[in-house]
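Visitor: Please take me through this structure, starting with its overall architecture.

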Amino acid sequence: MALITKLLTLIGLCLLLNVQAQDTIPLYSDALAKQKATFRPAIGIDVYQAVWVLGSVLNRDSPATYAYPLSVTFYLPLNSTVAQQRSLYLNAGYVAYGGTSQRNIYQKGGSMHLRAGIEQTRGRVILGYGGLLTGWSGQGSFYFSGPTFGNYQESIRRLGGLAVGGEGHVGLVIPVSSHLSLRTILRSSLLYRLTTTSPFELYAPHLSGTDWQTNRELGLGISLQANLVYRL
């Protein structure tokens, strides 16, 4: 009788250990699946640029500056855990612009940029740094509004240039689904204009890669981003 009791106790312990082991396997696999999911590359489209497009449509008949920008970002994870992730980002964009700047000077043209850097995400907080290369090309003219004989424009000549800089950014990740998220970012850039073919020290009214910049050889740039990111 004592032997049977011991055998039953041993069998019960084995069954209990087996059930506990089976319970831990899904939990471990779920954590592993989440880690693998965060290690996948992602692509983002800047939906904040719609603000500029809307302003351009509303001011189309005005000589004020309008812009039609486009920006796409590719994220490549370097190392990742469930709590944090370190990624390499590559961002490219283009903007077509036109309008008056510096009182009576009208400019029309386009600008392209390429930026790359490292981004650290901890929880929902984003911290990053990188570099920016941007260039512009277009036409310029003196603009005089004439209530009697109509508006008058006198061509200056072709305008263009190239600028390089370093930048840092901070932001937040807002999850939408398992594959979709919204990244809001505030970026500050220090830009140095390498070359310019612009007379009178004229610069593009809207430089691709920034929403606002100082018109100096060495100047500051500030930009906002709202990236709708899809994890592949």
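**Architecture and confidence**

Guide: The protein chain contains two helices and nine strands; helices (H or I, at least four residues) and strands (E, at least two) are DSSP runs, numbered from the N terminus. This is a predicted model, in which local features need pLDDT of at least 70 and side-chain atom pairs count only at pLDDT 80 or more, while totals for chains, interfaces and linings use all residues. Residues are numbered from 1 along each chain as its sequence is written, and side-chain values use heavy atoms, with hydrogens and water left out.

Visitor: What pattern does the chain follow along the sequence?

Guide: The order is α-β-α-β-β-β-β-β-β-β-β.

Visitor: And where is confidence lowest, and where is it highest?

Guide: The lowest mean pLDDT, 50, belongs to helix H1 (residues 2–38), and the highest, 93, to strand S1 (residues 42–46); pLDDT is the predictor's confidence in each residue, from 0 to 100. Over residues 19–26 the value is below 50, and this stretch has zero contacts in the model beyond near neighbours in sequence. A contact here means heavy atoms within 4.5 Å. For the protein chain, the mean is 80, with 75% of residues at 70 or more.

Visitor: How much of the chain is buried?

Guide: Of the 232 residues in the protein chain, 36% are buried, where buried means under 20% relative accessible area, exposed over 50%, and partly exposed in between (1.4 Å probe, protein chains only). Among contacts with a separation of 6 or more, 65% are between residues 24 or more positions apart.

Visitor: Let us turn to the strands. How many bridges join S4 to S5?

Guide: S4 and S5 run antiparallel and are joined by 18 bridges; two strands pair if DSSP finds at least two bridges between them. Tyr-106 stands opposite Ser-141 in S5. The two strands form a hairpin with two residues between them, and Gly-123 in the turn has a positive phi of about 65°.

Visitor: What about S5 and S6?

Guide: They also run antiparallel, here with 20 bridges. Thr-134 has Ala-163 in S6 as its bridge partner.

Visitor: And which way do S6 and S7 pair, parallel or antiparallel?

Guide: Strand S6 (residues 152–175) pairs with S7 in the antiparallel sense over 15 bridges, and a hairpin of four residues joins them. Ile-174 is bridged to Leu-182 in S7. S7 is in turn joined to S9 by 13 bridges, again antiparallel, with Leu-224 in S9 as the partner of Leu-186.

Visitor: Back to the S4–S5 loop. Is Arg-124 buried or exposed?

Guide: Arg-124, in the loop between S4 and strand S5 (125–144), counts as exposed because its relative accessible area is 54%. Leaving aside residues up to four places away in sequence, Arg-124 touches Gly-171, Leu-172, Val-173 and Pro-175.

Visitor: What lines the largest cavity?

Guide: The largest cavity has a volume of about 140 Å³. It is lined by 20 residues, of which Gln-49, His-113, Gly-209, Thr-210 and Asp-211 are the closest to its centre. Strand S2 (66–80), strand S3 (84–101), strand S4 (105–122) and strand S9 (218–231) each give two or more residues to this lining.

Visitor: And the second largest cavity, how much space does it hold?

Guide: About 50 Å³. Its lining includes Thr-73, Tyr-89, Arg-115, His-169, Arg-187 and Asn-227. The elements giving two or more residues there are S2, S3, S4, strand S7 (180–196) and S9.

How values were computed: On a 1 Å grid over the protein atoms alone, a cavity is a set of points where a 1.4 Å probe fits but cannot get out, and a pocket is an open set with protein on both sides within 12 Å along at least five of seven lines; lining residues have an atom within 4 Å of a point. Grid points are joined across faces, edges and corners, and a volume is the space filled by probe spheres set on the points.
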